[in-house]
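Dear colleague,

I am handing over the structure below, and I would be glad if you could look through it with the notes that follow.

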Amino acid sequence: HPQDQVNILLMGSDQRLGEIGFRTDTIILLSINTRKLTASMVSFPRDLYLYLPGYTYNRINTAMYFGGFPLLVQTFEQHFGVNIDHYILVGLDAFMETIDSLGGIAVEAGETLTDFRTGVGDYTVPAGEFLMDGTTALWYVRARYSTSDFDRTRRQQEVIVALAKRLLSMNGLENADELYDIYHRNVSTDLKWLDLAPLVPVLARIGDPDNIQHYYVGRGHVIPWTTPGGAMVLLPQEYAI
């Protein structure tokens with residue numbers, strides 16, 4: 001674990017209000033180096049199939065549900081040699097409410113996406129900047145009929161960058177304590193304000209979210225496999241990852 005580095009897992013769950021079970025279908029490792037003033041994001045596909053320490057083999061998106069944050073930390077340490085310091089978990093409803101409360105976000109879509117959308121039919125987001133409200137952003141990161149898990153990880157990072165840009169445009173860093181109070185009510189996290197406060201000037205120095213490096217666990221890092229029960233999963237090539 002490099003000195004002056006803070007590792008935070010950003011997770012989106014499929015849980016809605018009133019539901020008990022959930023899976024973390026979005027898993028992104030955000031690494032911030034407070035000395036070098038650098039940051040990076042690494043996306044892990046939800047169908048990575050690996051051993052959950054003390055439990056059994058399963059998809060990585062079930063670890064948080066089975067054993068909470070401690071199990072997820074053990075899983076990352078055992079398979080990827082990475083120590084996780086903190087986590088931020090947001091559900092579907094809170095995700096949409098957060099974006100709507102900001103007046104929407106401008107997402108820079110890397111590729112044109114056409115996919116089925118409930119109540120609409122086929123819906124298209126062209127490549128380039130596209131303004132999205134919370135409902136559209138949720139559809140964008142979860143669309144699955146015409147794309148793969150690997151495409152979804154790219155779109156998820158695009159939305160996070162757009163959210164960061166929106167906060168910066170609203171002088172979010174200057175009003176960070178107020179924003180923290182608002183959004184802390186919408187997420188599950190072990191991050192306290194005392195943990196976040198030292199990171200605020202670092203993010204300000206990094207400046208444009210485009211300066212964040214982007215990485216993905218992709219096709220070259222996994223082997224597709226079908227379990228004896230018929231589930232299609234991805235076996236991680238841990239050395240490559």
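Which residues form a nonpolar patch on the surface? Please keep in mind that this is a predicted model. The patch is made up of Y55, Y65 and F66, which together have about 310 Å² of accessible area. These three residues also belong, with F22, to one aromatic cluster.

On aromatic rings in general, a search of the whole structure gives twelve aromatic pairs. One of them joins F44 and F76, whose ring centres are 4.9 Å apart and whose planes stand at 80 degrees, so that the pair is edge-to-face. This pair connects distant parts of the chain, since F44 is in the loop between strand 3 (38–43) and strand 4 (49–51) while F76 is in helix 1, 32 residues apart. Both partners are buried, F44 at 4% relative accessibility and F76 with a relative accessible area of 0%. A further pair is formed by Y49 and W225, with ring centres 5.9 Å apart and planes at 50 degrees, and it is therefore tilted. Here too distant parts of the chain are linked, with Y49 in strand 4 and W225 in strand 13 (residues 222–226), 176 residues apart. Within this pair, Y49 is buried at a relative accessible area of 18%, whereas W225 is partly exposed at 37%.

Turning to helix 3, I found that this helix is mostly covered, with seven of its nine residues buried; among them are W139, Y140 and V141. The elements that cover the buried residues of helix 3 include helix 2 (92–101), strand 7 (105–109), strand 8 (113–117), strand 9 (121–125), strand 10 (128–132) and helix 4.

The loop between helix 3 (134–142) and helix 4 (149–169) holds T147, which is buried because its relative accessible area is 19%, under the limit of 20%. A polar atom of the T147 side chain lies 3.1 Å from the backbone oxygen of A143, and the side chain of T147 also makes a polar contact of 3.4 Å with the side chain of R155. Leaving aside residues up to four places away in sequence, T147 touches L113, D115, R152 and R155.

With best regards

Terms used:
Residues numbered from 1 in each chain as written. Predicted model: local features only at pLDDT ≥ 70, side-chain atom pairs only at ≥ 80, totals over all residues. Heavy atoms only, no water. Helix = DSSP H or I, 4+ residues; strand = E, 2+ residues; numbered from the N terminus. Buried < 20%, exposed > 50% of the residue type's maximum accessible area, 1.4 Å probe, protein only. Polar contact = N/O pair within 3.5 Å; in protein donor to acceptor, adjacent residues only side chain to side chain. Contact = heavy atoms within 4.5 Å. Patch = residues over 30% accessible without salt bridge, like charges linked within 9 Å, V, L, I, M, F, W, Y side chains within 5 Å. Areas by Shrake-Rupley, 256 points an atom, 1.4 Å probe, with all protein chains shown as cover. Salt bridge = Lys/Arg side-chain N within 4 Å of Asp/Glu carboxyl O. Phe/Tyr/Trp six-rings, centres within 6.5 Å; stacked < 30°, edge-to-face > 60°.
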